[in-house]
Amino acid sequence: MIEEKFHEVEAEIARSMERRTRVPKDEPVRLIAVTKNHDVAAMREAIDAGAVDIGENRIQEARDKYERLERKATWHLIGHLQTNKARQAVKYFDLIHSVDSEHLARAIDREAGKLGKVQDILVQVNLAREESKSGVFREDLRALLDLTDVLPNLRLCGLMCIAPNYDDVEKCRPLFHEMYEIYQKVKEFPFQTANIKYLSMGMSHDYPIAVEEGANMVRVGTAIFGPRQY
Ligand SMILES: *Cc1c(COP(=O)(O)O)cnc(C)c1O
């Protein structure tokens, strides 16, 4: 079941790439299987079906699973991160998508330094200015990018955003479109160490549109694993 759904999502991504108009059709997309609130057995199934990227949003849950999962995977932290959990985040995650403040960036940098690690990160943008969501506002983006570029134990790799949960999913399109334009601009910035290559946007209900508009990383849970039980 998970295997089937995983391949369906892969196929939908391929079709969405074909529908791209402003974005190169062959720019590959990484599919992150979001396993939060699903058990290790489900993670194994997804990995055996071909998933190499998995996404979690809570440190405690990720740590428990990390210790029990005997399969190789690239770990993505997609949820909001509290500064006091930065140490654990650096320990378990290959890419942290949710850096949205100077304070957090400095904490991750410090903890990565202690582990002798250079931590790959994305900066999360709150383009829709939703109060309920994390992410830096557009006007504060440049300053945070410049800071993360120079902190020695961080490598800035791109941008992430979460679209509002509209009833009509087409309403996400202008936002994804604008994010892609910002991403293109950011790629041209004269950074020192940053390597801007990822635009992480799109979830189960809106990933086809995100891919059409230029996402090259999508975070999909429900469409692969079914609804989460809380
Ligand atoms: C849970 C989550 C997802 C996946 O959501 P689905 O709707 O289940 O695909 C993607 N991104 C973030 C940040 C999440 O917290």
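Select Ser-98 and Gly-79 to begin: a polar atom of the Ser-98 side chain lies 2.6 Å from the backbone oxygen of Gly-79. This is a polar contact (a pair of N or O atoms within 3.5 Å; within protein, one must be able to donate a hydrogen and the other to accept it, and residues adjacent in sequence count only if both atoms are side-chain atoms). The model is predicted: local features need pLDDT of at least 70 and side-chain atom pairs count only at pLDDT 80 or more, while totals for chains, interfaces and linings use all residues. Residues are numbered from 1 along each chain as its sequence is written, and side-chain values use heavy atoms, with hydrogens and water left out.

Stay on Ser-98, which sits in strand E4 (residues 95–99). Helices (H or I, at least four residues) and strands (E, at least two) are DSSP runs, numbered from the N terminus. Ser-98 is buried, at a relative accessible area of 0%. Buried means under 20% relative accessible area, exposed over 50%, and partly exposed in between (1.4 Å probe, protein chains only). Show its contacts (heavy atoms within 4.5 Å). Leaving aside neighbours within four places in sequence, they include Leu-77, Ile-78, His-80, Leu-104 and Gln-124.

Next, select Lys-36, in the loop between E1 and H2. The unreviewed UniProt entry annotates Lys-36 as "modified residue: N6-(pyridoxal phosphate)lysine"; such annotations may be inferred rather than shown by experiment, and their positions are given in the numbering used here, with feature names shortened. Lys-36 is buried, with a relative accessible area of 15%. Beyond its neighbours within four places in sequence, Lys-36 is in contact with Gly-55, Glu-56, Asn-57, Glu-61, Lys-65, Arg-228 and Tyr-230.

Now take helix H1, residues 2–18. Its 17 residues should span 24 Å at 1.5 Å a residue, and the end C-alpha atoms are 25 Å apart, which agrees; the expected span is 1.5 Å times one less than the number of residues. Colour Ile-2, Phe-6, Val-9, Glu-12, Ile-13, Ser-16 and Met-17, the buried residues of H1. Look down the axis: these residues fall within an arc of 140°, so they line one face of the helix. The arc is that of the directions from the helix axis to the C-beta atoms. The face turned away from the buried side carries the exposed residues Glu-4 and Glu-18. Among the elements covering the buried residues of H1 are strand E1 (30–34), helix H2 (40–49) and helix H8 (207–212).

Finish at Phe-189, in the loop between helix H7 (173–187) and strand E7 (198–200). Phe-189 counts as partly exposed, at 22% relative accessibility. Leaving aside neighbours within four places in sequence, Phe-189 is in contact with Arg-142 and Leu-145. Phe-189 and Leu-145 are 44 residues apart in sequence and 9.6 Å apart in space, C-alpha to C-alpha.
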